[in-house]
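Dear colleague,

Please find below the structure that I am handing over to you. My findings follow it, and I would be grateful if you would read them with the model open.

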Amino acid sequence: SKDYPMLALIRSKAEGLGSTEEDKSEESEESDSDLDLDDDYISPFELERKNDFARIQLATKNAKDYGYAEHLDDSVDHILADILADTTYVLHVYNPSELLCGELDYLLEKLSIKYLGTKFRRVSVSFSQDILNKFQVVGVSSTALAHSGTLLCFHNKYLTATSTTFTEFSDGHRIYEEDVTKFFHGGRALSTELPQCFEVNAFTQGGLLSAARIKESLEQEDEEVYCDDPDCTRKYKHEHVGGANNTPASYMTANNAAGSEALAKNALYQL
């Protein structure tokens with residue numbers, strides 16, 4: 001949906017903070033490029049990190065397919081239908097000329113990606129009367145909306161928290177993310193639980209399966225036996241001859257260059 005004037009202003013300020021933020025973003029993209037699941041070898045820690053990243057990416061993609069993981073304008077009827085379908089919901093009734101509304105909506109866009117089990121939507125105050133006429137069934141009273149903007153939370157098909165002045169999370173000049181989050185928690189409006197409609201999808205697609213195959217391959221490699229000595233760390237097929245009863249070193253034989261080199265070194269050592 002298109003930005004209204006104050007949201008566009010906040011976005012331009014936030015996205016034009018200077019080259020430092022851009023550099024950090026580029027570094028993050030480079031780091032993300034390292035998440036190639038086809039690496040020949042990755043440590044268990046790296047594997048877990050890549051697996052987690054794949055989970056987040058897949059869950060976010062699937063969430064957007066079902067209208068989650070984004071904060072958008074929507075119609076009053078669609079919003080009401082979602083709330084009545086028992087969707088955990090955050091609704092911002094914004095005034096397009098209020099700077100605090102723009103700042104709040106920019107923050108809600110970020111939170112929508114973090115809390116995939118909550119649906120975030122906004123609607124202009126120009127639709128206030130329509131909301132008041134239709135939302136009484138979910139607990140919205142005739143005094144619940146303010147012309148300057150209102151934030152509402154819904155859980156279990158009913159209104160659980162509302163702010164018409166934003167004093168719970170603003171000093172009148174800026175919005176504080178930590179206080180917004182506290183406000184949402186108080187209204188039981190934040191959820192990281194993936195709705196059942198896309199939970200299975202998100203955790204069974206290609207990226208995770210690739211990660212699982214890598215993990216299985218590494219486990220098989222760790223289990224492979226190259227010789228009869230349990231303390232030997234050489235990763236190629238060979239056998240030890242001699243060296244019984246804890247004598248200094250064993251001869252090693254192998255049909256490759258690494259084994260031949262080891263054999264020569266051990267022979268010189270014993271001489």
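Which residues does Glu 109 touch, not counting residues up to four places away in sequence? They are Leu 7, Arg 11, His 71 and Arg 122. Please bear in mind that this is a predicted model, and that the contacts reported here were computed from it.

Glu 109 has its place in helix H5. Its relative accessibility is 17%, below the limit of 20% for a buried residue, and Glu 109 therefore counts as buried.

The packing of helices H1 and H5

Two packed helices are described by the angle between their axes and the distance between the axes. For helix H1 (residues 5-14) and helix H5 (residues 99-114), the axes come within 7 Å and cross at roughly 60 degrees. An angle of 65 to 115 degrees would count as roughly perpendicular and one under 35 degrees as roughly parallel; H1 and H5 are therefore oblique to each other. The crossing in which H1 passes H5 is right-handed. On the side of H1, the contact is made by Met 6, Leu 7, Leu 9, Ile 10, Arg 11 and Ala 14. H5 contributes Leu 99, Gly 102, Glu 103, Asp 105, Tyr 106 and Glu 109. Seven residues of this contact are nonpolar, one is polar and four are charged.

The chain as a whole

The secondary structure comprises 10 helices and seven strands. The chain has 271 residues, of which 40% count as buried. Among contacts with a separation of 6 or more, 62% are accounted for by residues 24 or more positions apart.

Thr 60 belongs to helix H3 (residues 44-65). With a relative accessible area of 12%, which is under the 20% limit, Thr 60 is buried. Leaving aside residues up to four places away in sequence, Thr 60 touches Ala 69 and Leu 116.

Residues in loops

Asp 86 has a positive phi, near 70 degrees, and lies in the loop between helix H4 (76-84) and strand E2 (89-94). Its relative accessible area is 41%, and Asp 86 is partly exposed. Asn 156 also has a positive phi, of about 55 degrees, although it is not a glycine. This residue is found in the loop between strand E4 (150-155) and strand E5 (158-163). Asn 156 is partly exposed, its relative accessible area being 48%.

Is Ser 126 buried or exposed? Its relative accessibility is 60%, over the 50% limit, so Ser 126 counts as exposed. Ser 126 has its place in the loop between strand E3 (119-124) and helix H6 (128-134). The C-alpha atom of Ser 126 is separated by 8.9 Å from that of Tyr 94, and the two residues are 32 residues apart along the chain.

With kind regards

How values were computed. Residues are numbered from 1 along each chain as its sequence is written. This is a predicted model: local features need pLDDT of at least 70, side-chain atom pairs count only at pLDDT 80 or more; totals for chains, interfaces and linings use all residues. Side-chain values use heavy atoms; hydrogens and water are left out. Axes are lines fitted to C-alpha atoms, for helices over the stretch in contact, and angles run from 0 to 180 degrees between N-to-C directions. Helices (H or I, at least four residues) and strands (E, at least two) are DSSP runs, numbered from the N terminus. Angles under 35 degrees count as roughly parallel, over 145 as roughly antiparallel, 65 to 115 as roughly perpendicular and the rest as oblique. A crossing is left-handed if the near helix is turned anticlockwise from the far one by less than a right angle, and right-handed if clockwise. Contact means heavy atoms within 4.5 Å. Ala, Val, Leu, Ile, Met, Phe, Trp, Tyr, Cys and Pro count as nonpolar, Asp, Glu, Lys and Arg as charged, and the others, Gly among them, as polar. Buried means under 20% relative accessible area, exposed over 50%, partly exposed in between (1.4 Å probe, protein chains only).
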